[in-house]
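Thank you for letting me take a few minutes today.

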Amino acid sequence: MSEVTSALLAGVIVLALVLHLAWLARRSRKRDLAALAGEEARVRAVIADAANVSDGTIGVITWEGSWNGQRVQLRTIVDTLATRKLPARWLSVSLTEKVTVPAIFDMMMRPGSPTTFSNFDHLEHTLPKAPGFPAEAILRTDKRGARFPQSLIASHIEIFTEGRAKELLITPNGVRIVWLLAEAERARYGVFRQAEFGGTALDPALIERLLVSMSALRDAINRHERQAA
């Protein structure tokens, strides 16, 4: 085979490879857009005016809107920190309305490694736990000596007994619950280091349930503080 023929053959192979990679990229893009459209439809089944306000952060999709007359935010987060055994996909649901608390109250279940969705590790003060909180929960705040209606809070966190709720955050500006949607498929991640979550989709019933839980907790705290005033 002449050098010219060899060069032409190599060029054809390279061109074919480039075209194949471009086709794979287009297919992946179409699949991602279809998945995003499906997610948005499921979000809007609960938050009718939800708008995608994502800022381009890789692995993070954010929607904002209103639910039962209250401002809410919903975010899906792919956490691929190397300290995790497997990448995880989280659902963060926030009710962004005023809460009568004196500081940040952050309850984290089984804190063991840093996360991409929380500032829990930066809170300096650990709170003693009142009866009723899960044994695996750690409570922290940003203000030494801050007092919270812990017994009241503990009576509104039944959802944390199911093993998938990760964090309850209460601040003067709202309430947030973070929920584990899925962990990456172990075999695929172990071989290809690709985080695939088996087509796990948002569940409108779960979104509604989290919002109802947070709304009831916020109302109970605000009512308690008004009665104590």
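This is a predicted model: local features need pLDDT of at least 70, side-chain atom pairs count only at pLDDT 80 or more; totals for chains, interfaces and linings use all residues.

**Cavities, sheet and a salt bridge**

The second largest cavity is lined by His-156, Ile-157, Ile-159, Phe-160, Leu-168, Ile-177, Ser-213, Met-214 and Leu-217. By cavity I mean a set of points on a 1 Å grid over the protein atoms alone where a 1.4 Å probe fits but cannot get out, and a lining residue has an atom within 4 Å of such a point.

Residues are numbered from 1 along each chain as its sequence is written, and side-chain values use heavy atoms, with hydrogens and water left out.

Seven of its lining residues are nonpolar, two are polar and none is charged, where Gly would count as polar and Met and Pro as nonpolar. Helix 4 (residues 204-228) gives the largest share of this lining, with three residues; helices here are DSSP runs of H or I with at least four residues, and strands are E runs of at least two.

What kinds of residue line the largest cavity? Its lining divides into three nonpolar, four polar and two charged residues, and among them are Met-108, Phe-120, Asp-121 and Lys-166.

Helix 4 also takes us to the sheet, since it lies across strands 2 (60-67), 3 (70-79), 4, 8 (165-171) and 9, at about 155 degrees to strand 9; the angle, on a scale from 0 to 180 degrees, is taken between N-to-C directions of axes fitted to C-alpha atoms.

The sheet is open, with nine strands in the order 1-2-3-4-9-8-5-7-6 and antiparallel pairing, where pairing requires at least two DSSP bridges. Strand 1 (51-52) and strand 6 (125-126) each have a single partner strand, so one side of each is left without a neighbour in the sheet.

Strand 1 pairs with strand 2 over two bridges, and Ala-51 stands opposite Glu-64 there. Strands 2 and 3 are joined by eight bridges, with Gly-65 opposite Val-72, and in their hairpin, which has two residues between the strands, Asn-68 takes a positive phi near 50 degrees. Strand 4 (residues 88-95) and strand 9 (residues 174-183) also pair over eight bridges, and Ala-88 faces Glu-183.

Finally, there are seven salt bridges, each a side-chain nitrogen of Lys or Arg within 4 Å of a carboxyl oxygen of Asp or Glu. In one of them, Arg-71 meets Glu-97 at 3.3 Å, N to O, and this pair links Arg-71 in strand 3 with Glu-97 in the loop between strand 4 and strand 5 (105-109), 26 residues apart.

Terms used: On a 1 Å grid over the protein atoms alone, a cavity is a set of points where a 1.4 Å probe fits but cannot get out, and a pocket is an open set with protein on both sides within 12 Å along at least five of seven lines; lining residues have an atom within 4 Å of a point. Contact means heavy atoms within 4.5 Å.
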